[in-house]
Amino acid sequence: MMTDTKNYNILHYINQTKHYIKEIVEREVKYDEEIDSWLLVSNPWPVVMIIIVYLLFVKKIGPKMMENREPYNITNIILIFNFLQFLYNSLLCLWIILTPGIPKFIFFNLCTITRETPHEKYLIKCLHTVSWFYFISKIIDLLDTVFFVLRKKQSHVSFLHVYHHTKMVMTCWLHIRYFKTEHAAYGAMLNSAVHIAMYGYYFLAALGPFMQKYLWWKVYVTRLQITQLFIAVTYLVFLYKYDCNMPRVLSSILIIDLFAFIYLFMDFYKTAYNKNITNKIVKLDVRHNISKVKQVDEMDNTDKIKSS
């Protein structure tokens, strides 16, 4: 009798769980024939294969291939790539800012998206299109790591770098395929704005050593990246708390992702810039000590002259 009751409780729990998951799927997962037909959206396997090939190349195949080779001189390719990425991200931002009605639509729909009029439906379509182009930009971003490998800069292929690029592709695909929330375009605009500064810096840095004295603002690019993460988390918590029409499952996933990114970026910031500060202090100490030695030598010489 107790066994039957136990089995009944287990089956009841399983049925409740299935019902709960089904309810979430029906409430939060969205399908759209047009959007689902866009390139790389309908089927997960092309994106999965891109990520697998990327990981295999940057972690295994690439380093092995470059082991006994000189670094490839691909400066011109990198210059063109960084400039095109700068333009691409600029166009994504301008698309949202300059499309008539979108800035006002965003301002008045930070929580609940309205789609009552044909113009509002048109604006929503624009936001989804921006999200798709943003997703494509995340795939293009994978080339950053490929260039590091080909230039034998494997130390740059850090866990943060690879995790960030891989996770962005996966998250963007999940959004455009299953959730399709218009709020994502707001985050795309924010992140694209940061990438304008980032790829602008990369482009200038790739011009050569003579540009180094003009690149004092590198630290501010990293600070900008961290700031945008905090802004995004704040906005997502706002959407979750006030039960806006952003899927709660997606909000939860993104909040967890962003906290992981914040931790990793903060760790990178401490390691990279605290080390630079320490090196500068050491150099200053060395220069100070050399200066003191010279002063002592000069005083000794002066005393010798006087005594003679």
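Modeller: Thr145 counts as buried because its relative accessibility is 0%; buried means under 20% relative accessible area, exposed over 50% and partly exposed in between, with a 1.4 Å probe and protein chains only. The model is a predicted one, in which local features need pLDDT of at least 70 and side-chain atom pairs count only at pLDDT 80 or more, whereas totals for chains, interfaces and linings use all residues. Residues are numbered from 1 along each chain as its sequence is written, and side-chain values use heavy atoms, with hydrogens and water left out.

Thr145 belongs to helix H7, residues 143-150. Helices (H or I, at least four residues) and strands (E, at least two) are DSSP runs numbered from the N terminus. Beyond its neighbours within four places in sequence, Thr145 touches Tyr54, Val58, Val157, His161, Val162 and His165, contact meaning heavy atoms within 4.5 Å.

The axes of H7 and H8 are 10 Å apart, at an angle of about 145°; axes are lines fitted to C-alpha atoms, for helices over the stretch in contact, and angles run from 0 to 180 degrees between N-to-C directions. By class, the H7-H8 contact has two nonpolar, three polar and one charged residues. Here Ala, Val, Leu, Ile, Met, Phe, Trp, Tyr, Cys and Pro count as nonpolar, Asp, Glu, Lys and Arg as charged, and the others, Gly among them, as polar.

Helix H8 (residues 159-179) also packs against helix H3 (residues 45-66), at an angle of about 175° and with 11 Å between the axes. H3 and H8 are therefore roughly antiparallel; angles under 35 degrees count as roughly parallel, over 145 as roughly antiparallel, 65 to 115 as roughly perpendicular and the rest as oblique. H3 contributes Val47, Ile51, Tyr54, Leu55 and Lys59, and H8 contributes His161, Val162, His165, Thr166, Val169, Met170 and Trp173. This contact comprises eight nonpolar, three polar and one charged residues.

H8 is also one of the helices that supply at least two residues to the lining of the second largest pocket, together with H6 (118-140), H9, H10 and H11 (248-307). This pocket holds about 670 Å³ of space. On a 1 Å grid over the protein atoms alone, a pocket is an open set of points with protein on both sides within 12 Å along at least five of seven lines, a cavity is a set where a 1.4 Å probe fits but cannot get out, and lining residues have an atom within 4 Å of a point. Grid points are joined across faces, edges and corners, and a volume is the space filled by probe spheres set on the points. Of the 31 lining residues, Ala184, Gly187, Ala188, Ala232 and Leu254 are the closest to the pocket centre. The lining has 21 nonpolar, eight polar and two charged residues.

Across the whole chain there are 11 helices and zero strands, and 39% of the 308 residues count as buried.
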